[in-house]
Amino acid sequence: MSMNEFLENRKSVRDFKSKNLSDSDLKKVESIIFDINNLAKKYDVNFKLYKDGSVVYNSLDGEGGYDGTMIKANHYIAMEADKNNELSMIFGAFYFENLITKLDALNVGSCWVTISNASEESKKSAFGDNSNVDFLLAMGYAPNEFGFGKKKFSSRIGVEEFVCDKSLSTPIDIDKLQNYGLDELFSYLRFAPSTKNEQPWR
């Protein structure tokens, strides 16, 4: 699979099947987290699996997620990182994305959830003493896609719609971008994550 295909097929899952992950899959997830924690600990980053998603969801509903709309999931993975350490936050995000890739290989869907605006009381209710958490990964089995109806994610715009030539009113000519050797770079940049794939960074 090419890098472009990998990025194009990657998506956040915000709705999950009601059933929990199987014991076998949960053990695989725990093994993945164990291996990643061994790599991430030197950056003061630690990931922890919360199997009972209802406790986390009920504690943070109304405060976490998108504008206080919490993503409901069967399970969550919390990222504990040193907020005062830039490397901790950078590598925390890197290893979170590594987790997502490995979960995808298990056919387990996931979605970043920001809980930085949640109160300390709510975080303690969700995580106990491990309240130094600003980011979660909601996790579970994704519902089947039957090829009709509206998808839960939106398409990203093309390169020619956000790369300009000399002025913001002049779209770039793709041949010119290829001559510069920048066509693949911008193609990959299209897949930078953003809420609802609205690409505000463009």
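Which residues does Val133 touch, not counting residues up to four places away in sequence? I listed Ala78, Met79, Glu80, Ile115, Lys123 and Phe127, where contact means heavy atoms within 4.5 Å.

**Entry 1. Basis**

I noted that this is a predicted model, in which local features need pLDDT of at least 70 and side-chain atom pairs count only at pLDDT 80 or more, while totals for chains, interfaces and linings use all residues. Residues are numbered from 1 along each chain as its sequence is written, and side-chain values use heavy atoms, with hydrogens and water left out.

**Entry 2. Overall content**

I looked up the secondary structure and found seven helices and six strands. Helices (H or I, at least four residues) and strands (E, at least two) are DSSP runs, numbered from the N terminus. Along the sequence I read the pattern α-α-β-α-β-α-β-α-β-β-β-α-α. The protein has 202 residues, and 39% of them are buried; buried means under 20% relative accessible area, exposed over 50%, and partly exposed in between, with a 1.4 Å probe and protein chains only. Of the contacts between residues at least 6 apart in sequence, 70% join residues at least 24 apart.

**Entry 3. Val133**

I placed Val133 in strand E4. Val133 counts as buried because its relative accessibility is 0%. I then checked Val133 against Lys123: the two are ten residues apart in sequence, and their C-alpha atoms are 7.6 Å apart in space.

**Entry 4. Phe127**

I turned to Phe127, one of the residues that Val133 touches. Phe127 lies in helix H5 and is buried, with a relative accessible area of 5%. Leaving out residues up to four places away in sequence, I found that Phe127 touches Tyr50, Val56, Leu60, Ala78, Ile115, Val133 and Leu136. Phe127 and Val55 are 72 residues apart along the chain, and I read 8.8 Å between their C-alpha atoms.

**Entry 5. Helices H3 and H5**

I recorded how helix H3 (residues 53–60) packs with helix H5 (residues 120–127): the angle is about 170° and the axes are 8 Å apart. Axes are lines fitted to C-alpha atoms, for helices over the stretch in contact, and angles run from 0 to 180 degrees between N-to-C directions. H3 and H5 are therefore roughly antiparallel to each other; angles under 35 degrees count as roughly parallel, over 145 as roughly antiparallel, 65 to 115 as roughly perpendicular and the rest as oblique.

From H3, the contact is made by Val55, Val56, Ser59 and Leu60, and from H5 by Ser122, Lys123, Ser125, Ala126 and Phe127. By class I noted five nonpolar, three polar and one charged residues. Ala, Val, Leu, Ile, Met, Phe, Trp, Tyr, Cys and Pro count as nonpolar, Asp, Glu, Lys and Arg as charged, and the others, Gly among them, as polar.

In H3, I found Gly53, Val56, Tyr57, Ser59 and Leu60 buried. The buried residues of H3 fall within an arc of 165° seen down the axis, so they line one face of the helix; the arc is that of the directions from the helix axis to the C-beta atoms. Their cover includes E1, E2, H5 and E4. Just after H3, Gly62 has a positive phi of about 95°.

In H5, the buried residues are Ser122, Lys123, Ala126 and Phe127. Their arc is 110° seen down the axis of H5, so they line one face of the helix. Their cover includes E1, H3, E2 and E4. Just after H5, Gly128 has a positive phi of about 70°.

**Entry 6. Helix H2**

I checked helix H2 (residues 23–40), which has 18 residues. From first C-alpha to last, H2 reaches 25 Å, close to the 26 Å expected at 1.5 Å a residue; the expected span is 1.5 Å times one less than the number of residues.

Asp25, Leu26, Val29, Ile32, Ile33, Ile36, Asn37 and Ala40 of H2 are buried. They cover an arc of only 135° around the axis, which puts them on the same side of H2. Asp23, Lys27 and Phe34 are exposed on the other side. I found that the buried residues of H2 pack against strand E1 (45–50), strand E2 (75–81), helix H4 (86–105) and strand E4 (133–140).

Most residues other than glycine have a negative phi. I noted Asn107, with a positive phi near 65°, in the loop between H4 and strand E3 (109–114). Asn107 counts as exposed, at 63% relative accessibility. I also noted Lys166, with a positive phi near 75°, in the loop between strand E5 (164–165) and strand E6 (167–171). Lys166 counts as exposed, at 85% relative accessibility.
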